[in-house]
Amino acid sequence: MKENDRVYLMRVPPASSLTPLPTFSMVKPMPMNDVLDASKEKMFASLVPDSSAKALSRYTEMLDDIIRTQAEKLQQGSELARVRLKEMELPDSILALEGNFNLPTALKEDVEAVQICGGPAGLEGELQQLKDLRRVNHEMLVQIEEQLQKEATEDSQFRNQFGTRWTRPQSSTLTKNLQDRLNRFAGNLKQAGESDARIERSMREYSALMSILDSRPIESALPTLARPIMSLDADEDVVVGSLKQSLRQLETLGAQRAGLEDMLKEMKRKDDILPKLMTSTGSHEDLFRKEIAKYDNICGEIAQNLEAQDQLLMHIEAQNDKFAAIFNLEDYKASREKGYRQIEAAVAKYQEIKENINEGLKFYVTLQDAITIVKQQCSDFVMTRNIQCREMIDDVQRQIAGLSFQEGKSNAGYSYTSAGPPPHQIQRTNSQQQQQDPSNMPNSSHTQAPTYQPPVPSYAQTPPPYTTQQQVPPPYHQPPSNPYPPPQHQQAPVGHEYGQPAYPGWQGPYYNAPSQQPGSMPRPPYTAQSPYPPPNHSNQSGYYRQ
């Protein structure tokens, strides 16, 4: 980029100071006599007259017609031999006698596909996999049901224990949608189990039919063409030998036809009469007859081959009739066709059961994914309900303990007697005496203040946090029969809206409850007023007001 911004200046020299430019040869000189000499070569030899071009086109059409006719005869002869042999079921019957025969191509491919997949024995493993998946899904449903039932039982127990103070919704109301989905899953699982039973019955019912597919090779399960047990003429070998010889001759004729067809194509490729047409001065028809006559020999060979094949096919047909009579070929054909049908039926039944098992595996995998999602939702629901349950138990216990504490203070207010002075005078007198006589001052470190513990209800499983004993120093020279318990400062319960559904999305103040540290109460003054003011519950939630 820096070079692009610069401009270089150079002085232009005068023309007289420049050296002359050297010469340079641009072309090579060549004499034109050799190029223009036409005596050595015919310059218009490749030009074909119009009449010769038309004659060549007509000859080409005649030759193509001959080649096409002879090629069609050869193909028809080969097709005729194939059809006649198929009608006589040759050479299959000879191969069956020797034990070398094959299934039809389509049927053999189906059997190979079945054997690659494991055959009927492989269906047992897939059926066991189907049962395992069904068992896993059933166990997951049972676990979810037990989890929800346990939570509902606990909720019912606390509801019976606390009565109207247990204000959160019932579990059956919140789990209705989950129960409906679980019921649908259970119904689908039951229906799938019935389908699995039908598949298993079908396997047991058709196991004998499908056992033929385990044969390797599959041809070993088919009947074989055996020699007759008793023979009167004992010429089975002669008949079989002559039939084999005739089949080999027929095969030789087929190979000759293939060679004749290749010879025809090669002769056509090398046939070029254009030079003759351009030098010919006579009629083109005579030239055409002369050129086409050279194909007569190969056409005669083709005709002889086809005629020999027809005669040989007639001879083979007679030999095959004798062969069929000796070896009872009709019965063998019937048993073989029966074996083919049995294999086809076994393949069809295997494919049907295989397809049903694949559908079952796909169903169970999909159902397992759906149950897993519901299981996670139920686990979240139960965890949320357990946290909510613990918080509500604490709040109800605080409420009940507050009411008991209020009743205890009311009863203590009526326990004064007329025999002694009021409590504040006694406390003031004791204070004066202690100031006058310091030696009589007690050691506060060895004196423990009486603590008030409200009665614990029978339904509380753990003591509430407010029953922790707190050491508060008493007033000096406090009488031992002081009926006034130290004031207990109670934390107002946090209002939880238990009337709202706890699932899904419920969030409770899990960690918002303030903790009360032991010994956090202030020391009472020497001249304390009455420690029993009327309780104020104005900051309590409306769900707990009586």
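Visitor: Is Cys117 buried, partly exposed or exposed, and what is its relative accessible area?

Guide: Buried means under 20% relative accessible area, exposed means over 50%, and partly exposed lies in between, with a 1.4 Å probe and protein chains only. Cys117 is partly exposed, because its relative accessible area is 47%. Cys299, at 17%, is buried. A word on the source: this is a predicted model, where local features need pLDDT of at least 70, side-chain atom pairs count only at pLDDT 80 or more, and totals for chains, interfaces and linings use all residues. Residues are numbered from 1 along each chain as its sequence is written, and side-chain values use heavy atoms, with hydrogens and water left out.

Visitor: How many disulfides are there?

Guide: A disulfide is a pair of cysteine sulfur atoms within 2.5 Å. By this rule the count here is zero.

Visitor: Which residues touch the most other members of the largest nonpolar core?

Guide: A nonpolar core is a set of buried Ala, Val, Leu, Ile, Met, Phe, Trp, Tyr and Cys residues joined through side-chain atoms within 4.5 Å. The largest one here has 63 residues, and Leu90, Leu213, Leu225, Ile316, Phe323 and Ile343 touch the most other members. Helix α12 gives the largest share of this core, 17 residues. Helices are DSSP runs (H or I, at least four residues), numbered from the N terminus.

Visitor: What is Phe323 in contact with?

Guide: Contact means heavy atoms within 4.5 Å. Leaving aside neighbours within four places in sequence, the contacts of Phe323 include Ser93, Ile94, Leu225 and Leu329. Another core lies apart from the largest one; it has 18 residues, among them Tyr59 and Leu306.

Visitor: Where is Lys354, and is it buried or exposed?

Guide: Lys354 is in helix α12. Lys354 counts as buried, because its relative accessibility is 17%. Beyond residues up to four places away in sequence, Lys354 touches Leu123 and Glu126.

Visitor: Where does Ser335 lie, and how far is Ser335 from Pro223?

Guide: Ser335 lies in helix α12, which covers residues 329-412. Ser335 and Pro223 are 112 residues apart in sequence, yet 6.7 Å apart in space, C-alpha to C-alpha. Ser335 is partly exposed, at 28% relative accessible area.

Visitor: Which residues make the nonpolar surface patch?

Guide: Such a patch joins nonpolar side chains (Val, Leu, Ile, Met, Phe, Trp, Tyr) within 5 Å, from residues with over 30% relative accessible area and no salt bridge. A salt bridge is a side-chain nitrogen of Lys or Arg within 4 Å of a carboxyl oxygen of Asp or Glu. Here Phe24, Met26 and Val27 make a patch of about 440 Å². Phe24 sits in the segment before α1 (50-87) and is exposed, at 70%.

Key: Patch = residues over 30% accessible without salt bridge, like charges linked within 9 Å, V, L, I, M, F, W, Y side chains within 5 Å. Areas by Shrake-Rupley, 256 points an atom, 1.4 Å probe, with all protein chains shown as cover. Helix = DSSP H or I, 4+ residues; strand = E, 2+ residues; numbered from the N terminus.
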